Amino acid sequence: MTEAIPAIELDGVVKEYLSHGETVQAVKGVSLAIGEGEFFSLLGPSGCGKTTTMRMIAGFEEPTKGVVKLHGQDVTDVPPNKRDINMVFQSYALFPHMNVWENVAFGLRRRKIAETEIKQRVGEILEIVDLTGREKRRPREMSGGQQQRVALARALVNRPRALLLDEPLGALDLKLRQLMQIELKRIQREVGITFVYVTHDQNEALTMSDRIAVMNDGLVEQLAGPREIYERPATKFVAGFIGTSNLLSGTVDSINGSAAVVRLGAEDRILVAGPSAAGETVDLTVRPEKITISTEQPEGELSVVRGTVNEVVYLGTYNSYAVGLADGAEIMVFQQNANDSSVTAERGDTVWLSWQPQHSYAL
Ligand SMILES: Nc1ncnc2c1ncn2[C@@H]1O[C@H](COP(=O)(O)OP(=O)(O)OP(=O)(O)O)[C@@H](O)[C@H]1O
């Protein structure tokens, strides 16, 4: 079997800018491959190099080092308009004096495509983005979400092989953004085009992506599917950036079969795979929703720590507990309110927190 050629490849890509006489490394060496038809997100905090990485894929920036390939072809020196890629921005950049139909048809008209084909393609794409019947509207007569759909239609009507989206939902309010996330995923599935999506919003990336590259300080810290990124963050940074995570630090007390026993306080026992010798210092992570809180010491092969409840907050679908441990660390616990919304413990109570060994591991 031959390996499928990736839609987009970055190989050792570095981007340096000269700013006030100093060299700034915006991207410090990124290598990745994006599959044909994949929904791929670049996720990270402001300034981590996401936009610069995307602009190098589009051809608006030239890498200082490294190679950009599209469908196996080296395009490092190819200008943006020759790359068969389209880009959608947060500011929709629609023509205000043109109606929806004209905005979407604009690129095709400029390329002198036959009027009958334009009619068919624009009609088809407006159907996909759910704007059929709104052809005559001007941008200012539409909501933000509708304008974003027009921008999307205008890019997709060119039938690019890949679409790059830079925080396209950033201007929308939370409710509309969540609706558009589902819409975008549906549209991408329907058109089958590779989407590369830049966002600093972890929920957005987790909701839509097939795979996510989590970036920090010009580098990719982890590249994996949403579930793996969430369940098994590879680094402290990823654990802290995605969702709420408890980061603990302890010393290996003993090795017990395949697991190390880590102690924080005298009555604590955390089982983690990875460390191989007593005395090692270990950083580990456990998600708040994986932890069970109880006022009695649990039995069984579980990780168990003892603490005192510092805070209980009722949050509708779940209760949140902040529990202080003997070593001064604080652990967050989320307890679902599926059938019973009563709290297990009150502020000041001594509690035991327990979780399955596979839900925490050494970083
Ligand atoms: N033209 C430029 N000249 C100098 N420095 C730049 C230039 N463009 C970007 N940078 C710097 O490179 C780093 C990465 O910027 P980039 O815009 O790629 O980050 P980002 O992750 O997209 O951030 P944001 O989410 O805020 O857009 C930043 O420190 C930024 O200040």
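Two strands count as paired here if DSSP finds at least two bridges between them. Keep that in mind for the hairpin I start with. One caveat first: this is a predicted model.

Strand E16, residues 303-314, and strand E17, residues 318-325, pair in the antiparallel sense. Seven bridges join E16 and E17. Between the two strands sit three residues. Look at Gly316 in this hairpin: Gly316 takes a positive phi, near 80°.

E16 also pairs with strand E19, residues 350-355. That pairing is antiparallel too, over six bridges. Ser303 stands opposite Trp355 in E19.

Another open sheet has six strands: E6-E7-E8-E3-E9-E10. Its pairing is mixed. At the edges are E6, residues 85-88, and E10, residues 219-224, and each pairs on one side only. Ignoring direction, neighbouring strands of this sheet are turned by 20° against each other on average. For a parallel example, take strand E7, residues 162-166, and strand E8, residues 194-199, with five bridges. There, Leu163 has Phe195 in E8 as its bridge partner.

On to the helices. Helix H4, residues 144-156, packs against helix H5, residues 174-191. The angle is about 20°, and the axes are 11 Å apart. Angles under 35 degrees count as roughly parallel, so H4 and H5 are roughly parallel to each other. The crossing of H4 past H5 is right-handed. Who meets whom? From H4 come Gly144, Gly145, Gln148, Leu152 and Leu156. From H5 come Leu176, Leu179, Met180, Ile187 and Val191. By class, the contact of H4 with H5 has seven nonpolar residues, three polar and no charged ones.

H4 also packs with helix H2, residues 100-110. Here the angle is about 30°, with the axes 7 Å apart. H2 and H4 are therefore roughly parallel as well. Their crossing is right-handed. H2 brings Val100, Asn103, Val104, Phe106 and Gly107 to the contact, and H4 brings Val150, Ala153 and Arg154. By class, the contact of H2 with H4 has five nonpolar, two polar and one charged residues.

Last, the ligand. How many residues are around the ligand, and which come nearest? There are 13, and Tyr17, Ala26, Ser46, Thr51 and Thr52 come nearest. Strand E1, residues 8-19, strand E2, residues 22-34, and helix H1, residues 50-58, each supply at least two residues of the shell. H1 gives the largest share, with three residues. By class, the shell has eight polar, four nonpolar and one charged residues.

That's the tour. Questions welcome.

How values were computed
Residues numbered from 1 in each chain as written. Predicted model: local features only at pLDDT ≥ 70, side-chain atom pairs only at ≥ 80, totals over all residues. Axes fitted to C-alpha atoms, helices over the stretch in contact; angles between N-to-C directions. Helix = DSSP H or I, 4+ residues; strand = E, 2+ residues; numbered from the N terminus. Parallel < 35°, antiparallel > 145°, perpendicular 65-115°, else oblique. Left-handed = near helix turned anticlockwise from the far one by under 90°. Contact = placed C-beta atoms within 7 Å. Nonpolar A, V, L, I, M, F, W, Y, C, P; charged D, E, K, R; others polar. Near = placed C-beta within 6 Å.
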